[in-house]
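Please report on this model: its helix packing, its ligand surroundings and its database annotations.

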Amino acid sequence: MRKIEIFDTTLRDGEQSAGVNLHTHEKLEIAYQLARYGVTVMEAGYPASSPGDFDAVSQIARAVRGCTIAGLARHVQGDIDAVWGALQHAEAPRLHLFIATSPIHMRDKLRMTPDQVFETAVAMVKYGARKFPDIEWSAEDATRSDWDFLAKIVTAVIDAGATVINLPDTVGYTTPHEYGSLFRYMLDHVPNIHKAKLSAHCHDDLGMAVANSIAAIEAGVHQVEGTINGIGERAGNASIEEIAVALAIRRDFYQAETGLDLTQTVRTSRLVSKLTGMVVPPNKAVVGANAFAHESGIHQDGVLKNVLTYEIIRPEMVGLSSNALVLGKHSGRHAFRGKCEELGLHLTDDEFNQLFQNFKLLTEKKKEVTDDDILALALEASANSGRPHYELASMHVSYGTHAITTTTLAIQAADGTVLQEAATGNGSVEAIYRTIERLLNHPVDLQDYRIQSTTSGKDSLAEVYVKVGYQGMVGSGRGVDNDVLAASAKAFLDAINRIALKQEFKEVGVS
Ligand SMILES: CC(=O)SCCNC(=O)CCNC(=O)[C@H](O)C(C)(C)COP(=O)(O)OP(=O)(O)OC[C@H]1O[C@@H](n2cnc3c(N)ncnc32)[C@H](O)[C@@H]1OP(=O)(O)O
Ligand SMILES: CC(C)C(=O)C(=O)O
């Protein structure tokens, strides 16, 4: 069986999705889960891009074991030094160097001639090789590049020390047949290609990222790159879970395996969705809520007679099960601990005790507590673990169809002071946000507001995601509560807290 290595870039290219901004503790949570999923390589971030990303990559490099940790760099010495600074304690560090090779990118973006790009590539791979035994070299926009030029530069960077050659379809332009041919061409025209592994990295602008990745596997690549839920720049990246399940289901044809623990698929997908706020469409392959739902009579009839008539993927394969252990008011600490372990939560004793208390409070309001509810509570607790600047102390909203909506709201500041204010608005959420603005004595620009429920019942928890501009910075926040208005207030304050934290870091010059 051929092994296809999985290079996960959820924390780097995935985080480039518009509106996504992960905190270090959220990146760590995802990193632990990716390691549990069994990815071969995890691209933890772009250390030179910000002190926050440098810190997140460093923490992941120190904490996460069992896979290679990669960091991205331009062909710039400072970027390479930053990757080394962040990754030096990783079990297996990888430098990921990229430079564009297409005529349009070289001429109009880099403003370099092909010869200059060639020389820079060789020089920077050599520079990186002084520290890194493992260097992935990416030809950005490879699929719009001249194939002869690509073959020439790939030969040179392998000689300079590159161990993995990635030919990304940066703008999602290629098609399966063409992409496969590109890799075959490299195998035929790069004399030292056997000294490096080949990698595919696809974007989904034309909806072909997964198909193109599979075509690359057919052509002989050793590694495919992608993200959980296919999140990423513009239309996103190839979705790792789709590639992995496709290879598993069609093992008869591809004779290839990824080594991923596929039973972690849904858990990984949900965690990434919750922390990034990128909702998974119900009809999404493999992890969408409807992926295993049979609606029409003829299908239901078939499934009842033999599930395989309409179901090519068994839910158990991706970690879905009809869970026999229902958690509710009467559940004790043992059952709850077991559930937390099953959900893959990393909790200290204090965190566990706090989460158990919150769970008990929730069971007062909700008959059955689902996995998603627990995950939402745990993630909210971890988001609040960094001593927030402002916490919601109390809130009263008065609403009527023919009345002016009014909110009275109190927040507690980090020093214990409680501040109270009131304001009106066209709707309840607007009234709440105006009140908070008054309390802060500063305008807050609400740029995005999204709401979803953790489950489908009336007693489901509400999860609100917001993006705000405040004091010249942009931040996102998340809030969870039984009540949509309380969740809305919490999300708004969470975003303000995150911005305040970033400002503190900036002031003292640390990440
Ligand atoms: C295809 C991809 O996904 S590539 C990865 C994209 N990810 C990111 O951009 C991460 C977030 N980016 C950032 O934080 C910033 O852009 C930084 C820190 C990387 C650079 O910031 P700045 O120095 O302000 O530069 P800015 O982003 O405006 O422009 C990019 C510069 O890098 C140059 N550049 C782009 N790619 C490369 C490369 N591979 N090697 C060398 N230089 C490059 C550009 O030509 C431009 O140079 P110029 O300033 O001389 O015109
Ligand atoms: C940095 C490279 C691999 C990339 O993300 C792309 O080209 O899409």
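The report below takes the annotations, then the ligands, then the helix pairs.

This is a predicted model, in which local features need pLDDT of at least 70, side-chain atom pairs count only at pLDDT 80 or more, and totals for chains, interfaces and linings use all residues. Residues are numbered from 1 along each chain as its sequence is written, while chains are lettered from A and ligands numbered from 1 in the order in which they are written.

**Annotations**

UniProt lists residues 4–266 as "domain: Pyruvate carboxyltransferase", in an unreviewed entry. UniProt positions follow the numbering used here, feature names are shortened, and annotations may be inferred rather than shown by experiment. The span 4–266 is 44% helix and 18% strand, and its end C-alpha atoms lie 21 Å apart. Helices (H or I, at least four residues) and strands (E, at least two) are DSSP runs, numbered from the N terminus.

The unreviewed UniProt entry also places a "binding site" at Asp 13, His 201, His 203 and Asn 237. These positions spread over 225 residues of sequence, yet they cluster in space, with a largest C-alpha distance of 10.5 Å. Asp 13 sits in the loop between strand S2 (5–8) and helix H1 (24–37).

**Ligands**

A residue counts as near a ligand if its C-beta atom, placed from the backbone, lies within 6 Å of it. Ligand 2 is surrounded by Asp 13, Phe 98, Ser 138, Glu 140, Asn 166, Pro 168, Thr 170, His 201 and His 203. Strands S6 (135–140) and S7 (164–169) are the elements that give two or more residues to this shell. The shell of ligand 2 has two nonpolar, five polar and two charged residues. Here Ala, Val, Leu, Ile, Met, Phe, Trp, Tyr, Cys and Pro count as nonpolar, Asp, Glu, Lys and Arg as charged, and the others, Gly among them, as polar.

Ligand 1 has 15 residues around it; Tyr 46, Ser 49, Arg 74, His 75 and Ile 99 come nearest. Strand S5 (93–100) and helix H4 (103–110) each supply at least two residues of the shell. That shell divides into six nonpolar, four polar and five charged residues.

**Helix pairs**

Two packed helices are described by the angle between their axes and the distance between the axes. Axes are lines fitted to C-alpha atoms, for helices over the stretch in contact, and angles run from 0 to 180 degrees between N-to-C directions.

| Pair | Angle | Axis distance |
|---|---|---|
| H2 (51–63) and H3 (77–87) | about 40° | 7 Å |
| H7 (176–189) and H8 (209–219) | about 35° | 8 Å |
| H5 (114–129) and H6 (147–160) | about 20° | 8 Å |

Angles under 35 degrees count as roughly parallel, over 145 as roughly antiparallel, 65 to 115 as roughly perpendicular and the rest as oblique. The contact includes Phe 118 and Val 122 of H5, and Phe 149 and Ile 153 of H6. By class, the contact of H5 with H6 holds eleven nonpolar, no polar and one charged residue. Residues are in contact if their C-beta atoms, placed from the backbone, lie within 7 Å.

H2 and H3 are oblique to each other. Phe 54, Val 57, Ser 58 and Ala 61 of H2 meet Ala 82, Ala 86 and Leu 87 of H3. That contact has six nonpolar, one polar and no charged residues.

For H7 and H8, the contact includes Tyr 179 and Phe 183 of H7, and Asn 212 and Glu 218 of H8. The contact of H7 with H8 divides into seven nonpolar, three polar and two charged residues.

Conventions: Contact = placed C-beta atoms within 7 Å.
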